[in-house]
Amino acid sequence: MSTPIVNPPMGRASRILGVGGYRPARSVPNEEILKNIDSSDEWIRTRSGIESRRWASEDETVVAMSLEASGKALAHAGITPDQIGCVIVATVTHLYQTPSAAAEIAHKLGTNRAAAFDISAACAGFCYGVALGSDMVRSGTADHVLVVGVERLSDLTDHYDRSTAFLFADGAGAAVVGPADEPGIGPVVWGSDGQHLKLIGQRQEWREALYHEDGPQLPALIMEGNAVFRWASYEMANTAKQALEAAGIAAEDIDVFVPHQANDRITTAMARALKLPDHVVVAHDIRQQGNTSAASIPLALERLIETGEASSGQLALLIGFGAGLVYGAQVVRIP
Amino acid sequence: MASTEEIRSGLAEIVNEIAGVPAADVQLDKSFTEDLDIDSLSMVEVVVAAEEKFDVKIPDDEVKNLATVGDAVAYIEKARA
């Protein structure tokens, strides 16, 4: 037999050690959106729950927002950048195909040449990242993994499309996943449903957008709202139930429900379909934040911790879902 | 086999539960959007609840054709036949 490969034993537990967020400085009220679309403040509020959203300035880049959120997550976790073994960035709005945002963030954050890569899982990106990070920690591939969800969706929004102009927003959220004595991250229940490929996505690919007959344009995001609403509210409630079962947790034992902040109506319909007991705190961060895709779950979680609505040691059910369609859900213990 | 009236009253219960509209207002000639103030997202919720209650499939493409309570009742009757 040839010389065996050395590999550390598997089986260590993982948990989220810290979370942090960055919300762009500028809050944009519905009135400003209404300059471009034929709608009303009442329509936007009743169809989405959104009262205002944050849009990033030129200086609030994908990387700049990520660094702010990551710094807070590291401080919350009580670790230093050199302890990070891998940086995973979930985004669909880092407008470089290459190099990755993760490599730049790993460097600027001061990690010791941490492994770094971006993932494209749309609004499920954060849950995908936490699943990957958890497995890396459990298997010993990395001791600490930084997971960032970040978007500048306002760059890829058609501000004259009345079905999406009010919805999309910008921001960053980050979490540090590290080793634990007891499991703090349940098994991920995830998947894709490519028969719905066309329900959410770019209007066209980059070349078509840049060489458009009306002149170059950014490929805006389009969405079939009602079909997405149906899929998200009901199919995703089943996925969330499966995540509870996989973790061995009953709905009554959950303290906090943090779904991707896609639309407040989806959150409400999903909570109803899940039959969550009244004591469960449900995230409604979208009302002042808009839909920030991969950033929405860590931002919402951070807000609940800051306001004291969620506290360390409680159990949270997370679920992300979006373009693909792709989805991922897991139960986590709040850091 | 449920009668037209049984389906109407079952649908009225659903509309009441989801949108808070008094069940007695949910009559065959009423328009979901104009008379009952059901928006497109609530309509999706009504449809999903109706699918479960009456064991039928109502695809997204059909939902836009269901303007009145009578349209929905007729569709459900036909789908169950």
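In this predicted model, the axes of helix H1 (residues 4-19) and helix H4 (residues 69-80) of chain B come within 10 Å and cross at roughly 120°. Angles of 65 to 115 degrees count as roughly perpendicular and those over 145 as roughly antiparallel. H1(B) is therefore oblique to H4(B). The crossing is right-handed. On the H1(B) side, B:Thr4, B:Ile7, B:Arg8 and B:Leu11 make the contact. They meet B:Val69, B:Ala72, B:Val73, B:Ile76 and B:Glu77 of H4(B).

H1(B) has another partner, helix H2 (residues 40-54) of chain B. Here the axes come within 10 Å and cross at roughly 135°. That angle makes H1(B) oblique to H2(B). H1(B) passes H2(B) in a right-handed crossing. H1(B) contributes B:Ile7, B:Gly10, B:Leu11, B:Ile14, B:Val15, B:Ile18 and B:Ala19 to this contact. H2(B) answers with B:Ser42, B:Glu45, B:Val46, B:Ala49, B:Ala50, B:Lys53 and B:Phe54.

| Helix pair | Axes come within | Crossing angle |
|---|---|---|
| H1(B) and H4(B) | 10 Å | roughly 120° |
| H1(B) and H2(B) | 10 Å | roughly 135° |

Now to the place where the chains meet. Nine residues of chain A are in contact with seven residues of chain B. Helix H2 (41-48), H7 and helix H8 (264-274) of chain A each supply at least two residues of the side that touches chain B. Which helix gives the largest share of that side? H7(A) does, with five residues.

H7(A) has a kink of about 30°, centred on A:Met236. A:Met236 is also one of the buried residues of H7(A). Others listed as buried include A:Phe229, A:Arg230, A:Trp231 and A:Leu244. Just after H7(A), A:Gly248 takes a positive phi of about 70°.

A:Ala175 lies in strand E7 (residues 170-180) of chain A. Is A:Ala175 buried or exposed? A:Ala175 counts as buried because 32 C-beta neighbours lie inside 10 Å, and the cut-off for buried is 20 or more. Leaving aside neighbours within four places in sequence, A:Ala175 is in contact with A:Ile16, A:Gly18, A:Val19, A:Ala73, A:Val130, A:Val147 and A:Pro298. A:Arg12 is 163 residues away from A:Ala175 along the chain, and their C-alpha atoms are separated by 19 Å.

Technical notes:
Residues numbered from 1 in each chain as written. Chains lettered and ligands numbered in written order. Predicted model: local features only at pLDDT ≥ 70, side-chain atom pairs only at ≥ 80, totals over all residues. Bend = angle between axes of the 7 residues up to and from the residue. Helix = DSSP H or I, 4+ residues; strand = E, 2+ residues; numbered from the N terminus. Buried ≥ 20, exposed ≤ 12 C-beta atoms within 10 Å, placed from the backbone. Axes fitted to C-alpha atoms, helices over the stretch in contact; angles between N-to-C directions. Parallel < 35°, antiparallel > 145°, perpendicular 65-115°, else oblique. Left-handed = near helix turned anticlockwise from the far one by under 90°. Contact = placed C-beta atoms within 7 Å.
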